[in-house]
Structures are given as structure tokens and as C-alpha cells.
Amino acid sequence: MDDRTRALQEIAATARQHGITASEIAAVLGDAPATTPEGRRRAVLVRVLGFLGGTFVFAGIGVFIALQWDTMSSAARVVATLGPGVAAFVLAVLARREARFEKATTPMFLVAAALQPTGMLVAFDEFGSGGDWRVASLVTTATMALQFGAVFRVIRRSTPLFLTLFFATLFSWTAFDLLDLDGGLTAVILGSSMLLTAAGVDRTVHRDITPVWYLFGAAAFLSGLFDLVQDTPFEILFLAIAAGFVYLSVMLHSRTLLVVATLAILGYTGWFTGQHFADSIGWPLALIAFGMFMIGLSALAFRIDRDYVRRE
């Protein structure tokens with residue numbers, strides 16, 4: 001009998017002597033006690049019913065406010081929209097202090113992120129003196145970005161970080177629009193910023209939020225680039241950079257980048273053949289060649305994902 005087996009027998013004997021259960025031992029060791037299939041089904045049912053109940057409550061409040069909106073005063077409209085958002089934000093911060101309520105933190109932050117900007121924009125609309133709506137949007141997005149940035153600095157959770165980046169991106173987009181910057185150039189700047197931010201966050205414990213930013217960053221960058229180079233001598237540059245994104249997906253181990261790059265290459269190839277071969281006799285042959293190209297590219301993307309992108 002080895003030492004490990006002997007130790008387990010001694011632990012079992014001591015537990016029986018003092019009436020200690022397996023779940024209590026698991027709690028001390030920090031492991032979750034084993035649950036039965038019935039217990040798991042009950043937990044899933046409780047969670048689903050809880051989500052449905054919260055959804056109906058939220059929908060009911062929204063419908064009530066919508067029905068009473070025309071009869072509300074300006075102050076009442078602001079309180080009805082901004083008030084629940086502030087309450088949800090406070091509840092999210094407080095829920096984090098109690099382990100049993102910690103799972104409610106993320107939904108509360110999301111509710112606050114939806115209602116607080118709405119309430120602020122309603123306040124601008126009700127009490128403002130007119131002017132450019134983009135100025136109100138700048139103030140709103142900047143306030144929300146600073147708020148969730150401060151929360152992230154304190155609690156270090158992924159949700160406040162995601163919302164900080166989201167409102168910062170909206171702030172930047174509105175600022176560029178206010179400066180009358182070209183739409184394609186704006187997309188390239190914001191897309192590259194999102195990609196660089198996602199690459200940085202991917203090296204931290206908050207990497208679970210990066211696929212969304214890889215998706216929108218790459219899509220914005222490539223669409224903006226195409227808008228800039230379309231029908232110019234530099235149009236082929238789009239295809240080269242899209243191919244470069246395939247290499248970047250390997251370096252960053254990102255399937256999202258690989259999918260976006262593959263779709264960009266396919267989309268450009270389809271657009272190019274449609275522009276230059278649609279009215280010629282070779283159009284059917286071009287379609288066949290394009291289909292074979294799609295099959296080959298999809299096989300290549302699958303191999304790249306299998307051999308290089310997937311983490312060990």
C-alpha cells in the first residue's frame with residue numbers, strides 16, 4: 001500500500017468518525033462537489049426560469065414607459081430612463097461584493113450600458129437648446145467610457161473592459177464624423193485601433209472578449225481600405241493586405257481573423273470577376289474558376305486553422 005492510498009484511508013476514517021460529508025471536504029479543498037444529473041437539470045431549469053423572468057420584467061417596464069411616454073413630463077422621462085440605468089450600475093457594483101450574487105454582475109452592467117446612455121440622450125433632447133446631435137453623443141459616450149474605465153480599474157473584470165472599449169470606439173467614430181473625415185479613412189483608423197487593442201488584450205486574462213474586436217476591427221479595416229483603393233491603381237493592394245491578415249491570424253492564433261480574411265479574399269475575387277468578366281463570353285468559365293478557387297481557399301483555411309491557429 002502506497003502513501004497516497006494510506007492517506008486517503010486515514011482521511012475517510014477521520015471523516016466517518018466526525019460525521020463529515022464529501023461536500024464539506026470538497027468545500028474546504030476549494031472544489032465544487034459532484035452534482036447528480038437531477039441536480040444539474042434542476043439548476044439549469046432554475047437559471048432558465050430566472051433569465052425568462054428577468055426578461056419579462058424588463059420588457060414590462062419598457063412597455064409601460066412607452067405607453068405612458070406622451071403623458072410624462074420632461075423630468076419624468078429622464079428619471080424613467082436614466083434612473084433604472086443608474087440603479088442597475090449600482091447593483092452591479094454591489095453584487096460583486098457577495099459571492100452568491102456575483103453572476104448578476106455582468107447582466108446588470110449590460111442593462112446599465114443600455115439604459116444610462118439612453119437616459120442621457122433623453123436629457124439632452126428634453127432640456128437641450130438644439131444643436132448638433134453629435135455633440136450630445138460625444139458627451140454621452142465619453143462619460144460612459146470614463147465610468148466603465150474607472151470600474152474596470154477597480155474590479156478588473158472583462159465586462160467593464162469590453163464596455164469601455166465599446167464606448168471609446170463610439171466616441172472616436174462620432175469625433176471623426178464631426179470632423180468630416182472620410183468614411184473609408186475613419187473605418188481604417190478605427191479598425192486598426194480595434195485590432196491593436198484586441199491583440200494587446202489577448203495577452204491578458206481578459207482574452208475572452210477579443211474575438212468580437214478582432215471581427216469588427218478586421219471587417220472595418222478591410223471595408224475602409226477597399227473603399228479607399230477601389231477603382232484606383234492601388235486596388236490590388238486590398239488583396240495583398242487581406243492575404244496578410246491570414247498570416248496575422250496565424251501569428252495571433254485567431255480563427256476570427258482567419259474567417260474575416262478568407263471572406264474578404266473571396267468577396268474581392270467575386271467582385272473583380274463580376275466587374276471585368278460579366279459581359280464577356282468567359283463569364284461562365286470565370287464562375288467555374290471562382291468556385292474552384294473558393295473550394296481550394298476553404299480547404300487551405302481549414303488546414304491553416306488546424307495546423308497553425310488552434311492553440312495546443
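1. Residues 24 or more positions apart account for 63% of the contacts with a separation of 6 or more in the protein, a contact being heavy atoms within 4.5 Å. The model is predicted: local features need pLDDT of at least 70, side-chain atom pairs count only at pLDDT 80 or more, and totals for chains, interfaces and linings use all residues. Residues are numbered from 1 along each chain as its sequence is written, and side-chain values use heavy atoms, with hydrogens and water left out.

2. The protein has 12 helices and 0 strands. Helices (H or I, at least four residues) and strands (E, at least two) are DSSP runs, numbered from the N terminus. Of the 312 residues, 31% count as buried; buried means under 20% relative accessible area, exposed over 50%, and partly exposed in between (1.4 Å probe, protein chains only). The accessible surface comes to about 19,800 Å², and 68% of that belongs to carbon and sulfur atoms. These areas come from the Shrake-Rupley method with a 1.4 Å probe; for residues, only the protein chains shown count as cover.

3. The largest nonpolar core has 35 residues, and those with the most contacts inside it are Leu-195, Phe-221, Leu-222, Phe-238 and Phe-245. At least two residues of this core come from each of H7, H8 (183–201), H9 (210–229), H10, H11 (255–277) and H12 (283–309). H9 gives the largest share, 9 residues. Apart from this core lies another, of 14 residues, among them Ala-88, Phe-89, Phe-109 and Leu-163. A nonpolar core is a set of buried Ala, Val, Leu, Ile, Met, Phe, Trp, Tyr and Cys residues joined through side-chain atoms within 4.5 Å.

4. Phe-245 lies in helix H10 (residues 236–252) and is buried, at a relative accessible area of 7%. Leaving aside neighbours within four places in sequence, Phe-245 contacts Leu-195, Ala-218, Phe-221, Leu-222, Leu-257 and Ala-261. The C-alpha atoms of Phe-245 and Ala-261 are separated by 5.6 Å, with the two residues 16 apart along the chain.

5. Phe-56, in helix H3 (residues 37–68), counts as exposed because its relative accessibility is 63%. Together with Val-44, Leu-45, Val-48, Leu-49 and Leu-52, Phe-56 forms a nonpolar surface patch with about 600 Å² of accessible area. Patches are made of residues with over 30% relative accessible area and no salt bridge; like charges are joined within 9 Å, nonpolar side chains (Val, Leu, Ile, Met, Phe, Trp, Tyr) within 5 Å.

6. The count of salt bridges comes to 3, where a salt bridge is a side-chain nitrogen of Lys or Arg within 4 Å of a carboxyl oxygen of Asp or Glu. One of them joins Arg-77 and Glu-126 (2.9 Å, N to O). Arg-77 is in helix H4 (residues 74–95) and Glu-126 in helix H5 (residues 105–127), so this pair ties together parts 49 residues apart in sequence. Arg-77 is buried, at 15% relative accessible area.

7. Arg-134 is buried at 16% relative accessibility and forms a salt bridge with Asp-132 (2.7 Å, N to O). Asp-132 is partly exposed, at 32%. Arg-134 also forms a salt bridge with Asp-177, the closest N and O atoms being 3.2 Å apart. This pair links distant parts of the chain, Arg-134 in helix H6 (residues 133–155) and Asp-177 in helix H7, 43 residues apart. Shared partners join Asp-132, Arg-134 and Asp-177 into one network of salt bridges.
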